[in-house]
Amino acid sequence: KEQKLLGFRGLPMGYDHNGVNITRVSFLLLRIMRQYKISSIIDFPCTHTMHWMPALVERLDYEISNFRYVGMETAYEDFRRCKSELEKVSGNWRVEMLAISRTTRLPPSDLLFSFDGFQKIGVRSTWNLLHALTRSNT
């Protein structure tokens, strides 16, 4: 009830197993999206956020008109796990496989959110993904 009176202050999750304050991260992500009128987000890799992003997707879909979420993964099993978690919530979302190469194109989006993603994929793939951002106007 207190959260309703004060408005959304982040997902009530506290700290994750890595010591990251998910409540604060989710609050700041919503705040940035409101401030810059962002209505679409690519989450890469979605396995790094799948323990809290589905709940935030549901909230963002409620808060932001025409909200779109795309979770992206590079491995098929990770893709299936993300999709399974997102199927538990409502909202305008989809999960896609992402093959990172020099010709990769990303779906249209206002923001790429990467929670430890670049560390996961290595230097060459990070470079290719950054080039994909410029090609995709994301």
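Helix 5 bends by about 110 degrees at Val123. The model is a predicted one.

Student: What does helix 5 (residues 117-136) span between its end C-alpha atoms?

Tutor: At 1.5 Å a residue, a straight helix of 20 residues would span 28 Å. Helix 5 bends by about 110 degrees at Val123. Between its end C-alpha atoms, helix 5 spans only 18 Å.

Student: Which strand do the buried residues of helix 5 pack against?

Tutor: The buried residues of helix 5 include Gly117, Ile121, Leu129 and Ala132. Packing here is counted by heavy atoms within 4.5 Å. The strand that these buried residues pack against is strand 4.

Student: Is Thr104 buried or exposed?

Tutor: Thr104 is found in the loop between strand 3 (93-97) and strand 4. Not counting residues up to four places away in sequence, Thr104 touches Leu98, Ala99, Ala132 and Arg135. Buried means under 20% relative accessible area. Thr104 has a relative accessible area of 5%, so Thr104 is buried.

Student: Which strands stand at the edges of the sheet?

Tutor: The open sheet is formed by 4 strands with parallel pairing, in the order 3-2-1-4. A strand with a single partner strand has one side left without a neighbour in the sheet, so the edges are held by strand 3 and strand 4.

Student: How many bridges join strand 2 (residues 68-73) to strand 3?

Tutor: Strand 2 and strand 3 run parallel. The number of bridges that join strand 2 to strand 3 is 5.

Student: At what angle to strand 3 does helix 4 (residues 76-86) run?

Tutor: Helix 4 lies across strand 2 and strand 3. Angles run from 0 to 180 degrees between N-to-C directions. Helix 4 runs to strand 3 at about 175 degrees.

Student: What is the count of aromatic pairs, and is the pair of Trp52 and Phe113 stacked or edge-to-face?

Tutor: The count comes to 4 aromatic pairs. Trp52 and Phe113 have ring centres 6.3 Å apart. Planes over 60 degrees apart count as edge-to-face. The planes of Trp52 and Phe113 stand at 85 degrees, so the pair is edge-to-face.

Student: How many residues apart in sequence are the parts that the pair of Trp52 and Phe113 ties together?

Tutor: Trp52 lies in the loop between strand 1 (40-43) and helix 3 (53-63), whereas Phe113 lies in strand 4 (residues 111-113). Both residues, Trp52 and Phe113, are buried. In sequence, the parts tied together by this pair are apart by 61 residues.

Technical notes
Residues numbered from 1 in each chain as written. Predicted model: local features only at pLDDT ≥ 70, side-chain atom pairs only at ≥ 80, totals over all residues. Heavy atoms only, no water. Phe/Tyr/Trp six-rings, centres within 6.5 Å; stacked < 30°, edge-to-face > 60°. Helix = DSSP H or I, 4+ residues; strand = E, 2+ residues; numbered from the N terminus. Buried < 20%, exposed > 50% of the residue type's maximum accessible area, 1.4 Å probe, protein only. Expected span 1.5 Å × (residues − 1). Bend = angle between axes of the 7 residues up to and from the residue. Pairing = 2+ DSSP bridges.
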